[in-house]
Amino acid sequence: MKITKICCIGAGYVGGPTMAVIAQKCPDIQVTVVDLNEQRIKDWNDPNTDNIPIYEPGLSEIVAEARGRNLFFSTEVEKAIDEAQVIFISVNTPTKTYGKGKGMAADLKYIELCARQIAKVAKQNKIVVEKSTLPVRTAEAIKSILDNTGNGVQFQILSNPEFLAEGTAVTDLLNPDRILIGGDTTPEGEEAINALVDVYANWVSKDKILTTNVWSSELSKLTANAFLAQRISSINAMSELCEKTGADVNEVAKAIGMDSRIGPKFLKASVGFGGSCFQKDILNLVYIAKSYGLNEVADYWEQVIIMNDHQKRRFSNKIVQTLYNTVADKKIAFLGWAFKKDTNDTRESAAIYVADDLINEQAKISVYDPKVSRNKMLSDLDYLETRSDEANSKALSIFDNAYEACKGAHAIAILTEWDEFTTYDWQKIYDSMHKPAFLFDGRNILDSKELESIGFIYKAIGS
Ligand code: UDX
Ligand code: ADP
């Protein structure tokens, strides 16, 4: 079976970049990305590709090349489903905010909706690909909906988890460490797997394309994210010990990272990991373990989240303590709001929680982030429902450059590791601040000696 038409439901951080790269690398395949959100689709179709809704280095160029040729963005969900041989599901699967599994399980309502829509529309056999991170055995649920509500056509469900990291999505997609495709071990399942393998083989060498059963593939995604997040919580746990003992966490990370069994990546101590995946996927893993009665397994992984929450709170506490135990009416400047550099995504960003804590202490927060919009920052805070929306907009002022945001501040907190922060005229910033001027580097990106020589009281994580 040769694939010529692909549809992707969900034009978000995963669906958008993934489909743009498939379209670029497979000019013979027509790729249509659909979304219910009309504004989002309008933005993807903006004649100026710099205005597409997702910021990722290199993405706007790829969209400019492929859009209108074999890459299309549309709100006509049913038409795209009807025409495609392969349907990727890339809708969001947030943690449930209600009912059973609240705060832990993944909310599958968007997935179920997609499955029902596919079942209703499909008049020919289709391959349905899970792209969103989903709890293990979701494929089974999708299959049951498709088989029991469909028009009698055959569906093959594949799990093809996404391993791209935001901020490096394009390079991750162009040069993946591996592609994982899980499917049924029946002849029809294998045919579907091979059809998808052939799509990726247009630019990924076959030895990097792994095929497994569906459940291994689903669980591998959760496991990969749990292991990555665990490394961050492990080094963050050490960062607290370093602060007490006089060891330097960067030196410790370097020393252990040179052990080839450990390796150097994902050992950067920070104010805590954010992003749409790590917390959600671990909570999901914990929920699954608990539902099988595996309480020790659940507790083991939950500790990664507990440590991460502790690290965020520890950072805000440290700001308060260092500023003589009160930040009431003091201005604290935040540099960065995104959960990491080179993205405009703020989901689960540490900045949100640190801001919330400091506003509880009646601080005034002034923020600068190169890519995050004002509305996004305010809605992130409003979403926590700690206080009224009015109180949030009073406490948070947003600036379009760092120098303005820092003027008159008592302290600066670095919440995202944007490269531009390392290029600033820090003397100029220091001169404009309230004295003593404090700098809390939540990402360990600045040079402590240089800043201390200017006069800053400089506090990094883990030293
Ligand atoms: C992650 C996985 O890396 C990716 O494979 C998966 O598909 C989705 O989840 P993402 O959340 O986009 O990707 O970004 P990632 O680079 O993993 O960073 C997650 C968080 O960890 C960020 O807040 C980052 O700042 C933080 N981090 C990362 C650290 O604090 N220290 C590190 O050493 C690495
Ligand atoms: P991710 O990081 O997983 O890509 P996003 O929230 O960025 O998550 O994107 C998911 C997209 O899926 C959103 O734009 C949302 O509007 C879209 N979506 C959710 N449910 C449906 C649906 N049933 N049909 C079409 N689009 C959907």
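This is a predicted model: local features need pLDDT of at least 70, side-chain atom pairs count only at pLDDT 80 or more; totals for chains, interfaces and linings use all residues.
The protein has 463 residues, with 18 helices and 14 strands.

**Around ligand 1**

- The backbone takes part here: an N or O atom in the backbone of Phe339 sits 2.8 Å from an oxygen atom of ligand 1.
- The side chain of Lys340 places an N or O atom 2.7 Å from an oxygen atom of ligand 1.
- For Arg443, a polar side-chain atom lies 2.7 Å from an oxygen atom of ligand 1.
- On its own, ligand 1 has 660 Å² of accessible area, and the protein covers 90% of that.

**Ser217, a residue of helix 9**

- Helix 9 runs over residues 214–245, and Ser217 is part of it.
- Is Ser217 buried or exposed? Ser217 counts as buried because its relative accessibility is 0%, and the cut-off for buried is under 20%.
- Leaving aside residues up to four places away in sequence, Ser217 touches Ser159, Asn160, Pro161, Leu180, Gly182 and Thr212.

**Backbone features to look for**

- The peptide bond that joins Lys435 and Pro436 is cis, with omega at about -5°.
- You can find Pro436 in the loop between helix 17 (426–431) and strand 13 (438–441).
- Asp329 is not a glycine, yet its phi is positive, at about 65°.
- The loop that holds Asp329 lies between helix 12 (295–322) and strand 9 (331–335).
- Asp329 has a relative accessible area of 59%, so Asp329 is exposed, the cut-off for that being over 50%.
- Asp342 also has a positive phi, near 65°, and is a residue other than glycine.
- Look for Asp342 in the loop between strand 9 and helix 13 (350–360).
- With a relative accessibility of 21%, Asp342 counts as partly exposed.

- Asp309 has its place in helix 12.
- How accessible is Asp309? Its relative accessibility is 36%, so Asp309 counts as partly exposed.
- Asp309 and Val271 are 38 residues apart in sequence, and their C-alpha atoms are 9.4 Å apart in space.

**The protein as a whole**

- Taken along the principal axes, the C-alpha atoms fill a box of roughly 70 × 50 × 45 Å.
- Why does the overall size agree with a compact globule? A compact globule of 463 residues would have a radius of gyration near 23 Å, and the protein has 23 Å, so the two agree.
- Buried residues account for 53% of the 463 residues.
- Counting contacts between residues at least 6 apart in sequence, 75% join residues at least 24 apart.
- The accessible surface of the protein is about 20,500 Å², and carbon and sulfur atoms hold 50% of it.

Key: Residues are numbered from 1 along each chain as its sequence is written. Chains are lettered from A and ligands numbered from 1 in the order in which they are written. Side-chain values use heavy atoms; hydrogens and water are left out. Helices (H or I, at least four residues) and strands (E, at least two) are DSSP runs, numbered from the N terminus. Buried means under 20% relative accessible area, exposed over 50%, partly exposed in between (1.4 Å probe, protein chains only). Contact means heavy atoms within 4.5 Å. A polar contact is a pair of N or O atoms within 3.5 Å; within protein, one must be able to donate a hydrogen and the other to accept it, and residues adjacent in sequence count only if both atoms are side-chain atoms. Accessible areas come from the Shrake-Rupley method with a 1.4 Å probe; for residues, only the protein chains shown count as cover. The radius of gyration is taken over C-alpha atoms; the globule rule is 2.2 Å times the number of residues to the power 0.38.
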